[in-house]
There are 2 protein chains.
Amino acid sequence: MNKYVIGVDLGGTTVKAGIVSFDGKIINTVTTPTDAEKGPEAVSRQIAKVIRELKKAEKDKEIIGIGVASPGMVSLDGNTVEAPPNFKNWGSFPLRDAIVAELGNRLPLFIENDANAAALAESKFGAGKDEDNFLFVIWGTGIGGGIIMDSTIYHGPHGGAGEFGHSSIDYNGPVCNCGNIGCIESFIGQRYLSARATEYLESRKDSLVWKLVDHDASKIEPRILYDAAMQDDEPAKNIMTEAGELLGVAISSFMNTMNFNVAIVGGGISAAGDLVFQPMNKRVRESVMAPLRPIAKVLPAKLGNQAGILGAAGLVM
Amino acid sequence: MNKYVIGVDLGGTTVKAGIVSFDGKIINTVTTPTDAEKGPEAVSRQIAKVIRELKKAEKDKEIIGIGVASPGMVSLDGNTVEAPPNFKNWGSFPLRDAIVAELGNRLPLFIENDANAAALAESKFGAGKDEDNFLFVIWGTGIGGGIIMDSTIYHGPHGGAGEFGHSSIDYNGPVCNCGNIGCIESFIGQRYLSARATEYLESRKDSLVWKLVDHDASKIEPRILYDAAMQDDEPAKNIMTEAGELLGVAISSFMNTMNFNVAIVGGGISAAGDLVFQPMNKRVRESVMAPLRPIAKVLPAKLGNQAGILGAAGLVM
């Protein structure tokens, strides 16, 4: 009998559990609402529920452990989850203990921050399979990240490593909601990118973007910019190029200090593909120290929204 | 009989060797010219010479190993030194093999990049004694660095970690001599800081700085700015404050991504003390992620120009 692992992706609205083979295939999944508004005990119950259902549905399979990818900061001992955004009444909650209690489970159970789990997924099964060290970046609503060092997750001295989105690329720039100045997130996180694009497009009323949003500036968002750029709209292409370059600047600084030559970028906006990866790679190759230049590269993530389940499963493997 | 270690500090003009006790005291030193212009074999001979002389002078002491702190990039196997700046006809040279051959030596011999060695010295004997993880910054002609992780030097995947001076703090900034844009070095490295200060002072002819340099702009340098600031000259104080803040911005980005809460700053310009450390610490405490804020700190290095010998010795310990 082959061995399998259950990976759980805890999201703000749904909990998704998948049964995963050791070569990184998701065989079956079960989904349920998170009930994030009902507090941490309710969420623990929902997690236990999908795990039980999946075990029942796959009872012919030997399951050797469970991993959970969770938003928020996970304590270094892997038990407590701190204040995941959009989860009510949470504070600092011993999620592992709670799930184990719910399950009456003797299987090993690991919890990891979701960005770190996604980084691990790329390391084990995705774009980072052949790389021992890389910076993982999630480029979507915000900019999150994880660091893979010697093929394992780097947690940092206090468990919160990977907050790459709060690297400043402009000491004179806008104040980010984190309190820092000129964070890369405050330039190209979804909301900020849309606002910057809108401002740029104010004086470019002939841009296709305006047609696509029916001249409603509030509808300008990365997806639209991408569509316009794919139809060769110059202003939209310029916006995507600049966004890729800016991310390249932040990635280069990290590479220089840490001597890394690989970054992997996923998340919604990275779906723009070459439009952003080409300028990003160009900037990185121009900006890293000479010895890194021939080997520096930014790769698109491969696992998309499977990264949560696969990374959670990877914690056990 | 107590055990001792020889630490060698290889500089561009002199080689300095010291005999060091295990509690980090330099008992005796020997110095000789580097002969950097005569090529790597000559330099190896000079290094062997100071080691021999020191052993002779301290022949009652048991020496258990030798460490060498060298400029340039040291290969991951610790043998080859690549292109140390200002050393002629060097290229990539097997310095360890050459010294060992010169000495006919059976003592273990370790070579490390000088910035990394200085970081190790601070970790073992200096401002980082109580810290397992910190970023070390040398703020002088350029901005160099080293990373101490779990109380050891972090070399990075390719041996060149610590190039913190080439972190960009301005995506739109000046092109650095490394090719990157807006590197922190290109703002506050000695030459750049002097140039920025000169520009700033052009419209502030009443500044004490002008008196101190006899109205000769070419004489403006950090030392003078420091002297003027200590005499309460506002423009000079503003320049030092801004320099400290800018370094704080770069340090904060690193802390956020790596989850570090400690940086140690040494090098000539850091001698300005509170004038730069106060604004630096203020910026860091405002710019790091919330969980790091209560514990984030930038400390002045403690070992000054002893750091080379002590760090080299520390390689053996």
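Colleague: How are helix 8 of chain B and helix 9 of chain B oriented to each other?
Modeller: In this predicted model, the axes of helix 8 of chain B and helix 9 of chain B cross at roughly 40 degrees and come within 7 Å. Angles under 35 degrees would count as roughly parallel, and 65 to 115 as roughly perpendicular. Helix 8 of chain B and helix 9 of chain B are therefore oblique.

Colleague: Is the crossing of helix 8 of chain B and helix 9 of chain B left-handed or right-handed, and how do the residues of the contact divide?
Modeller: Among the residues that meet are B:Met240 and B:Leu247 in helix 8 of chain B, and B:Phe277 and B:Val284 in helix 9 of chain B. The residues of this contact divide into 11 nonpolar, 6 polar and 3 charged. As for its hand, the crossing of the two helices is right-handed.

Colleague: Which element gives the largest share of the side of chain B that touches chain A?
Modeller: Contact between the chains involves 36 residues of chain B and 37 residues of chain A. Helix 8 and helix 9 of chain B are the elements that give two or more residues to this side of chain B. The largest share, 8 residues, comes from helix 8 of chain B.

Colleague: What is the radius of gyration of chain A?
Modeller: Chain A has 10 helices and 13 strands. For its 317 residues the globule rule gives 20 Å, and chain A comes close to that value, so it is as compact as a globular protein of that length. The radius of gyration of chain A is 20 Å.

Technical notes
Residues are numbered from 1 along each chain as its sequence is written. Chains are lettered from A and ligands numbered from 1 in the order in which they are written. This is a predicted model: local features need pLDDT of at least 70, side-chain atom pairs count only at pLDDT 80 or more; totals for chains, interfaces and linings use all residues. Two residues are in contact if their C-beta atoms, placed from the backbone, lie within 7 Å. Helices (H or I, at least four residues) and strands (E, at least two) are DSSP runs, numbered from the N terminus. Axes are lines fitted to C-alpha atoms, for helices over the stretch in contact, and angles run from 0 to 180 degrees between N-to-C directions. Angles under 35 degrees count as roughly parallel, over 145 as roughly antiparallel, 65 to 115 as roughly perpendicular and the rest as oblique. A crossing is left-handed if the near helix is turned anticlockwise from the far one by less than a right angle, and right-handed if clockwise. Ala, Val, Leu, Ile, Met, Phe, Trp, Tyr, Cys and Pro count as nonpolar, Asp, Glu, Lys and Arg as charged, and the others, Gly among them, as polar. The radius of gyration is taken over C-alpha atoms; the globule rule is 2.2 Å times the number of residues to the power 0.38.
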